[in-house]
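I opened this notebook to record what I looked up in one structure. The entries follow the order in which I consulted the model.

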Amino acid sequence: MELKTTDKKVATVTVVRMLFNVLSRTRTTQQLPKPWHDWHVHEPDVPQQSNTHDCGFYTLKFMEHWTGGRMNTRELEDHVRADAINVRKRLLVRLLLSPHNQLRDVVVSKFVK
């Protein structure tokens, strides 16, 4: 998210608050012991897209490759840029065919005729 510092802080607080609201519906108080405003937000150094429309794609690829530790973001950025079309196609297929996709059978039936 390339925003001015104050805009980024406001956006981060909004996202964390919304995440806490979602989690509080599925977790007990013991599982969420702190109020959301006490959470420490980590901002890892991540690759930035060079256009205005790939931010979600970069986020998904970063989440897919991140293990919780330090990551070679340059390698990810080079991979995404060098093979962007094929990476997008593979991601689309994985999302469509995921067992978590409730409309997977509908989508597959339209292509298998």
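**Entry 1: the charged pair.** I took a salt bridge to be a side-chain nitrogen of Lys or Arg within 4 Å of a carboxyl oxygen of Asp or Glu. By this rule I recorded a count of 1 salt bridge. Arg-104 is partly exposed, because its relative accessible area is 30%. Asp-105 has 58% relative accessibility and therefore counts as exposed.

**Entry 2: source and confidence.** I worked from a predicted model, in which local features need pLDDT of at least 70, side-chain atom pairs count only at pLDDT 80 or more, and totals for chains, interfaces and linings use all residues. Residues are numbered from 1 along each chain as its sequence is written, and side-chain values use heavy atoms, with hydrogens and water left out. The mean pLDDT (the predictor's confidence in each residue, from 0 to 100) is 77 for the protein, and 78% of its residues reach 70 or more. I found the lowest confidence in helix α3 (residues 73-82), with a mean of 66, and the highest in α5, at 87. I kept in mind that where pLDDT is low, the predicted coordinates should not be read in detail.

**Entry 3: overall make-up.** I counted secondary structure as DSSP runs numbered from the N terminus, with helices (H or I) of at least four residues and strands (E) of at least two. The protein has 5 helices and 0 strands, and its elements run α-α-α-α-α from the N terminus on. Of the 113 residues, 18% are buried. I then looked at contacts (heavy atoms within 4.5 Å) between residues at least 6 apart in sequence: 31% of them join residues at least 24 apart. The accessible surface, by the Shrake-Rupley method with a 1.4 Å probe and, for residues, only the protein chains shown as cover, comes to about 9500 Å². Carbon and sulfur atoms account for 58% of that surface.

Entry 4: Which residues of α2 are buried? I recorded Phe-57, Tyr-58, Lys-61 and Phe-62. Seen down the axis of α2, these buried residues fall within an arc of 130°, so they line one face of the helix. The arc is that of the directions from the helix axis to the C-beta atoms. Phe-57, in helix α2 (residues 55-65), has a relative accessible area of 10% and is therefore buried. I next looked up Ala-84, which lies in helix α4 and counts as buried because its relative accessibility is 18%. Phe-57 and Ala-84 are 27 residues apart in sequence and 9.8 Å apart in space, C-alpha to C-alpha.

**Entry 5: a nonpolar patch.** I found that Val-93, Leu-97, Val-108, Phe-111 and Val-112 form a nonpolar patch on the surface, with about 490 Å² of accessible area together. The elements giving two or more residues to this patch are α4 (84-97) and α5 (104-111). Patches are made of residues with over 30% relative accessible area and no salt bridge; like charges are joined within 9 Å, and nonpolar side chains (Val, Leu, Ile, Met, Phe, Trp, Tyr) within 5 Å. Val-108 lies in helix α5 and, at 31% relative accessibility, counts as partly exposed.

**Entry 6: a loop residue.** I located His-40 in the loop between α1 (5-26) and α2. His-40 is exposed, with a relative accessible area of 62%. His-40 and Val-16 are 24 residues apart in sequence and 10.0 Å apart in space, C-alpha to C-alpha.

Notes: Buried means under 20% relative accessible area, exposed over 50%, partly exposed in between (1.4 Å probe, protein chains only).
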